[in-house]
Amino acid sequence: MRQELLSLPKGLAEEVSRNLVMVARLIDEEPEQAYAYSRIALRLASRVAAVREAAGFAAYATQKYSEALAEFRAARRMTGSVELWPVMADCERGLGRPERALAMAGEPEVQKLDKAGQVEMRLVAAGARRDLGQLDAAIVTLQSPELASSSVQPWTARLRYAYADALLAAEREDEAREWFAKALEADKDGATDASDRLAEMDGVEFVDAIDEDEEEDGDYDAARAESDDEDEDDEQDDDPEVRAAERASDRTEYYDEDDEEYEPLERSAADADVDLTDEDDLPEAPAAADRDGDKG
């Protein structure tokens with residue numbers, strides 16, 4: 001790729017390179033963002049094969065199979081390489097054309113692929129067979145020297161996993177369990193969910209400890225908040241101003257002269273030393289002079 005970018009002006013090459021780096025960085029976790037960066041690189045340097053290939057993989061990751069296939073074909077025309085043949089065939093599957101994928105599996109280009117490419121083509125062909133409802137043929141397609149080999153290659157886990165999955169679909173559960181276990185043994189990088197499939201077959205359910213901790217923390221926080229509210233209420237009950245306001249409210253409710261049907265409640269102990277029904281008992285307001293004197 002570096003050699004291809006050298007054909008561009010230096011500033012443009014650096015800009016394209018930065019976008020391609022972001023595509024590679026994001027394509028697994030954030031494929032939509034990777035796709036956006038690939039479109040920028042494509043606008044800048046559409047005549048660079050590496051850019052067309054990166055754009056194809058970004059489109060493939062976002063299931064834009066027609067767009068991906070067009071980019072892969074363009075990259076192949078530019079380079080003459082057949083290494084994209086399997087993923088091109090898988091795009092045909094994604095477009096609902098498994099027959100074309102099978103036809104590509106029988107083309108001379110497959111013989112030009114390296115071992116990893118040939119195994120990938122076998123996986124695509126088996127998938128196309130399953131798309132067509134030919135489950136037994138899919139199982140036979142995956143049976144190969146690479147599957148039987150005890151050596152572990154980068155593609156071993158995926159090949160064993162696909163075989164186990166096909167066996168399970170054919171209701172050959174004992175064999176499927178055996179091959180899921182073999183896939184797990186070869187899967188050093190966690191490329192498959194073989195462990196989950198085995199657990200599912202054995203009826204094991206996993207509980208997310210993080211979710212449980214969050215739920216417990218939530219319950220604790222709610223209980224603590226409720227306790228804090230109760231403490232706040234208790235503090236307010238001890239506040240002299242609050243008690244005075246409550247007594248004033250009680251007196252207002254107790255003596256409602258405007259309501260003819262009002263039935264007075266039993267007086268509280270707080271009102272025992274105050275009688276607001278007799279104006280003669282009220283203390284006289286100080287004279288204006290006295291109030292002014294108080295201000296001094």
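**Salt bridges, pocket and cores**

Modeller: The side chains of glutamate 178 and lysine 182 form a salt bridge, with 3.3 Å from N to O. Bear in mind that this is a predicted model.

Biologist: How far apart are glutamate 178 and lysine 182 in helix α12?

Modeller: Glutamate 178 and lysine 182 are 4 residues apart in helix α12 (residues 173-186), so about one helical turn separates them.

Biologist: Is glutamate 178 buried, exposed or partly exposed? And what about lysine 182?

Modeller: Glutamate 178 is partly exposed, at a relative accessible area of 41%. Lysine 182 also counts as partly exposed, at 28% relative accessibility. Elsewhere, salt bridges with shared partners join Arg73, Glu92 and Arg97 into one network.

Biologist: How many salt bridges does the structure hold?

Modeller: There are 17 salt bridges. One of them pairs the side chains of arginine 39 and glutamate 67, at 2.8 Å from N to O. Arginine 39 is in helix α3 (residues 31-44) and glutamate 67 in helix α5 (residues 65-79), so this pair ties together parts that are 28 residues apart in sequence.

Biologist: What is the accessibility of arginine 39 and of glutamate 67?

Modeller: Arginine 39 has a relative accessible area of 28%, which is partly exposed. Glutamate 67 is partly exposed too, at 23% relative accessibility.

Biologist: What does arginine 130 pair with in a salt bridge?

Modeller: The side chain of arginine 130 meets that of aspartate 165, at 2.9 Å from N to O. This pair links distant parts of the chain, with arginine 130 in helix α8 (residues 115-131) and aspartate 165 in helix α11 (residues 156-169), 35 residues apart. Arginine 130 counts as partly exposed, at 34% relative accessibility.

Biologist: Changing topic. How much space lies in the largest pocket, and which residues lie nearest its centre?

Modeller: The largest pocket holds about 710 Å³ of space. Its lining has 27 residues, and Asp90, Glu120, Leu123, Val124 and Arg158 lie nearest the centre.

Biologist: Which helix supplies the largest share of that lining?

Modeller: Helix α8 does, with 8 residues. The elements that each supply at least two residues of the lining are α4 (49-61), α6 (85-94), α8 and α11.

Biologist: How many of the lining residues are nonpolar, polar and charged?

Modeller: The lining of the largest pocket has 15 nonpolar, 3 polar and 9 charged residues.

Biologist: On to the inside. Which residues have the most contacts within the largest nonpolar core?

Modeller: Phe72, Leu84, Trp85, Met88, Ala89, Leu113 and Met121 do, in a core of 26 residues. Helix α6 gives the most to this core, with 5 residues.

Biologist: What is leucine 113 in contact with, leaving aside its neighbours within four places in sequence?

Modeller: Leucine 113 is in contact with Val82, Glu83, Trp85, Pro86, Gln118 and Met121. There is also a second, separate core of 20 residues, which includes Leu159, Tyr163, Leu167 and Leu198.

Biologist: Last topic, the backbone. What is phi at glutamine 63, and where does glutamine 63 lie?

Modeller: Glutamine 63 has a positive phi of about 65°, although it is not a glycine. Most residues other than glycine have a negative phi. Glutamine 63 lies in the loop between α4 and α5, and counts as exposed at 58% relative accessibility.

Biologist: And what about phi of glutamate 171?

Modeller: Phi of glutamate 171 is positive, near 65°. Glutamate 171 is in the loop between α11 and α12 and counts as exposed, at 69% relative accessibility.

Methods: Residues are numbered from 1 along each chain as its sequence is written. This is a predicted model: local features need pLDDT of at least 70, side-chain atom pairs count only at pLDDT 80 or more; totals for chains, interfaces and linings use all residues. Side-chain values use heavy atoms; hydrogens and water are left out. A salt bridge is a side-chain nitrogen of Lys or Arg within 4 Å of a carboxyl oxygen of Asp or Glu. Buried means under 20% relative accessible area, exposed over 50%, partly exposed in between (1.4 Å probe, protein chains only). On a 1 Å grid over the protein atoms alone, a cavity is a set of points where a 1.4 Å probe fits but cannot get out, and a pocket is an open set with protein on both sides within 12 Å along at least five of seven lines; lining residues have an atom within 4 Å of a point. Grid points are joined across faces, edges and corners, and a volume is the space filled by probe spheres set on the points. Ala, Val, Leu, Ile, Met, Phe, Trp, Tyr, Cys and Pro count as nonpolar, Asp, Glu, Lys and Arg as charged, and the others, Gly among them, as polar. A nonpolar core is a set of buried Ala, Val, Leu, Ile, Met, Phe, Trp, Tyr and Cys residues joined through side-chain atoms within 4.5 Å. Contact means heavy atoms within 4.5 Å.
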